[in-house]
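Biologist: Before we discuss anything, could you put the sequence and the model up, and then take me through how its features are read?

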Amino acid sequence: MDATEDLAMCSHCQKDVVKTNLPMHEVHCQRFLCLCPDCEEPVHKDQLEEHREEQHTPVKCRKCSMKMEKCKLADHDANECTERTQICEYCQVDFNWSRLKEHAVACGSRTELCQDCNKYVTLKDKLQHAQTCTYEDFSFKTKSFNGNVKPLPAKSLQMDEKKKRNEKPGWIDEDQISTCPHCHLALPVNTLQWHADKCRIVEGLKRMNEAKDASVKK
């Protein structure tokens, strides 16, 4: 088709056609095509019933039970269904989309030890920390070596300090962060045990209520 040729829209199939060919095109459309009453797309007359059955039959989502036309099911399953599965970016485990947001908050609050700076970093901040981590940063403390004064790396100073404190019986690193085994909330280790005891009681009560509700429904 020459880009300089004038175009006109066919009144049957709604497509642009070269203006000089329009009369013949419309005769062909009128004879062989019709508009689907559901989507108003041009369809061959002898394929209309097949088209409506394949595209517009009412169906129900197997996951959330929502009703829709068959042609919309694939997009709904991939992008809209509240019960569709999606991978957590932190632990790479599949979760229902309706539960993923709550899980991601707890999962992203878990911590890992940075091997470069020896600091605990939450998983949600891991990428940002990797861009700013300065494990070769030097402090103002110095050490004499063969008469020369040289700065010590901050990492070495932190590890030496922790090693000294670790030698004391019963010592707990107050800077260390760990997660609750029940709700996965990140907390300092010196308060984690108290929280975990309370959390375990709450989880027990929740399971008892769920079991009670299940027995009532039966």
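**Reading helix α4 and beyond**

Modeller: In α4, the buried residues are Leu100, His103, Ala106, Cys107 and Gly108, where buried means under 20% relative accessible area, exposed over 50% and partly exposed in between, with a 1.4 Å probe and protein chains only. This is a predicted model, in which local features need pLDDT of at least 70, side-chain atom pairs count only at pLDDT 80 or more, and totals for chains, interfaces and linings use all residues. Residues are numbered from 1 along each chain as its sequence is written, and side-chain values use heavy atoms, with hydrogens and water left out.

Biologist: Against which elements do the buried residues of α4 pack?

Modeller: Contact means heavy atoms within 4.5 Å, while helices (H or I, at least four residues) and strands (E, at least two) are DSSP runs numbered from the N terminus. The buried residues of α4 pack against β7 (85-87), β8 (94-96) and β10 (120-122).

Biologist: What span should the twelve residues of helix α4 have?

Modeller: The expected span of a helix is 1.5 Å times one less than its number of residues. For α4 (residues 97-108) that gives 16 Å, and the end C-alpha atoms, being 16 Å apart, agree with it.

Biologist: How many disulfides does a search of the whole structure find?

Modeller: A disulfide is a pair of cysteine sulfur atoms within 2.5 Å, and the search finds zero of them. Cys81 has its closest cysteine sulfur in Cys64, at 3.7 Å, which is too far for a bond, and Cys81 is buried, with a relative accessible area of 0%. Cys117 is likewise in no disulfide, the nearest cysteine sulfur, that of Cys114, being 3.6 Å away; Cys117 is buried, with a relative accessible area of 9%.

Biologist: Which residues make up the largest nonpolar core?

Modeller: A nonpolar core is a set of buried Ala, Val, Leu, Ile, Met, Phe, Trp, Tyr and Cys residues joined through side-chain atoms within 4.5 Å. Here the largest has seven residues: Ala8, Cys10, Cys13, Val17, Leu22, Cys29 and Leu33. Leaving aside residues up to four places away in sequence, Val17 touches Asp6, Leu7, Ala8, Cys10, Leu22 and His25.
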